[in-house]
Amino acid sequence: MTEMLSIDFMRRALLAAVLIGVTAPAVGLYLVQRRQAIMGDGIGHVALTGVSLGFLLNTSPVWMATAVAAVGAIVMELIRERGRTRGDIALAMLFYGGMAGGALIIKLSPNGSMANLTTYLWGSILTVSASDIVTVTLLAVFVVAMTFGLRRQLFAVCQDEEFARVTGLPVRLLNLMLAVTAAVTVTVAMRVVGLLLVSALMVVPVAAAQQVTRSFAATQALAVGIGVVVSLSGTTASYYQDLPPGPTIVVLAMVLFGLIGLLAVPLARRRHRAEPGAGAARCDLVLPVPRTGDGGAGGDRAVDGRPAEGVTLAQ
């Protein structure tokens, strides 16, 4: 461990891993809540075009990817909101257009090649420079400020847009801010996890946390904790075992998801037994069904004389 920490690029990679572990699940929780778990994949493919533009224009690939991904996320959100096209079609356009655009543009760049794109697709701890750390840190601060500072507002919008609109919340603005935050998160994570796998780090820790938590705040805290643990562990393993960091981090996250799933079932049973009134009697609410053939008299029996089926409600 001391040897690893004495190397500059590993210190930068571990710092980037911590920032990714915090930001990816923090945003992913809202995407899972609104059933847009694969949105990160679409944004990642669009960000690939931004990376290629960065090489073509001889500018920072990270900042260019952030700008292009943010525009793509906003366009997708506007399409979803207006309902002119189904959401899956909009995602498909982001997937294919982003990949094709990135591959074509990188060929036009005198300073870029497909090998440059590979490091962004799968992540590489060797390519995290000091300037990248500054950029990633600034972007991560923005993501944390949005996801934690606007937690109640974003939760309300993701849970029920109509109710949030009635209460006076700026639903469109919050949706656009969430889309931009997701885009920023993708570009934060692409240096270590890679654009193809960043969506997994946004979703798997959240899914794992949801198995054992009962509140939104607890789920967010545990998901971030899981994200940090698997990001640090995967980056460390990639150094000692010479493994690609992105796939290693995602595989560890999925293993942890499985382990938590094994513990969730007995924990849920124990919690149910410990709840007060768990074995209390139940009350049945029977919806009356009108009878026919007896002068229109009503009752709570069906036409054939059997008791009407009721809706059982727990006390």
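Author: A salt bridge here is a side-chain nitrogen of Lys or Arg within 4 Å of a carboxyl oxygen of Asp or Glu. Keep in mind that this is a predicted model.

Reader: Fine. How many salt bridges are found in the whole structure?

Author: Five salt bridges are found when the whole structure is searched.

Reader: Start with Asp132. Which residue does Asp132 form a salt bridge with, and how far apart are the closest N and O atoms?

Author: Asp132 pairs with Arg191, and their closest N and O atoms are 2.8 Å apart. Asp132 belongs to helix α7 (residues 130-149), while Arg191 sits in the loop between α10 (171-189) and α11 (198-210), so this bridge ties together parts that are 59 residues apart in sequence.

Reader: Are Asp132 and Arg191 buried or exposed?

Author: Both Asp132 and Arg191 are buried.

Reader: What about Glu161, which residue does Glu161 form a salt bridge with?

Author: The partner of Glu161 is Arg34, with 3.3 Å between the closest N and O atoms. This pair links distant parts of the chain, 127 residues apart: Glu161 is in helix α9 (residues 161-166) and Arg34 is in the loop between α2 and α3.

Reader: And Arg34, buried or exposed?

Author: Arg34 has a relative accessible area of 13%, so it counts as buried. Glu161 has 22% and is therefore partly exposed. The cut-off for buried is under 20%.

Reader: Which residues are linked with Arg34 in a network of salt bridges?

Author: Glu77 and Glu161 are linked with Arg34 in that network.

Reader: Back to helix α9. Where does Glu162 lie relative to Arg165?

Author: Glu162 and Arg165 are both in helix α9, three residues apart, which is about one turn of the helix. They form a salt bridge, and the closest N and O atoms are 3.3 Å apart. Glu162 is exposed because its relative accessible area is 53%, whereas Arg165, at 40%, counts as partly exposed.

Reader: Then what is Asp41 in contact with, leaving aside neighbours within four places in sequence?

Author: Asp41 contacts Phe95, Leu196 and Ser199, once those neighbours are left aside.

Reader: Last one, the surface. Which residues make the nonpolar surface patch of about 390 Å²?

Author: Val251, Val255, Leu259 and Leu262 make that patch.

Reader: Where does Leu262 lie?

Author: Leu262 is in helix α13 (residues 245-274). Its relative accessibility is 64%, so Leu262 counts as exposed.

Notes:
Residues are numbered from 1 along each chain as its sequence is written. This is a predicted model: local features need pLDDT of at least 70, side-chain atom pairs count only at pLDDT 80 or more; totals for chains, interfaces and linings use all residues. Side-chain values use heavy atoms; hydrogens and water are left out. Patches are made of residues with over 30% relative accessible area and no salt bridge: like charges are joined within 9 Å, nonpolar side chains (Val, Leu, Ile, Met, Phe, Trp, Tyr) within 5 Å. Accessible areas come from the Shrake-Rupley method with a 1.4 Å probe; for residues, only the protein chains shown count as cover. Helices (H or I, at least four residues) and strands (E, at least two) are DSSP runs, numbered from the N terminus. Buried means under 20% relative accessible area, exposed over 50%, partly exposed in between (1.4 Å probe, protein chains only). Contact means heavy atoms within 4.5 Å.
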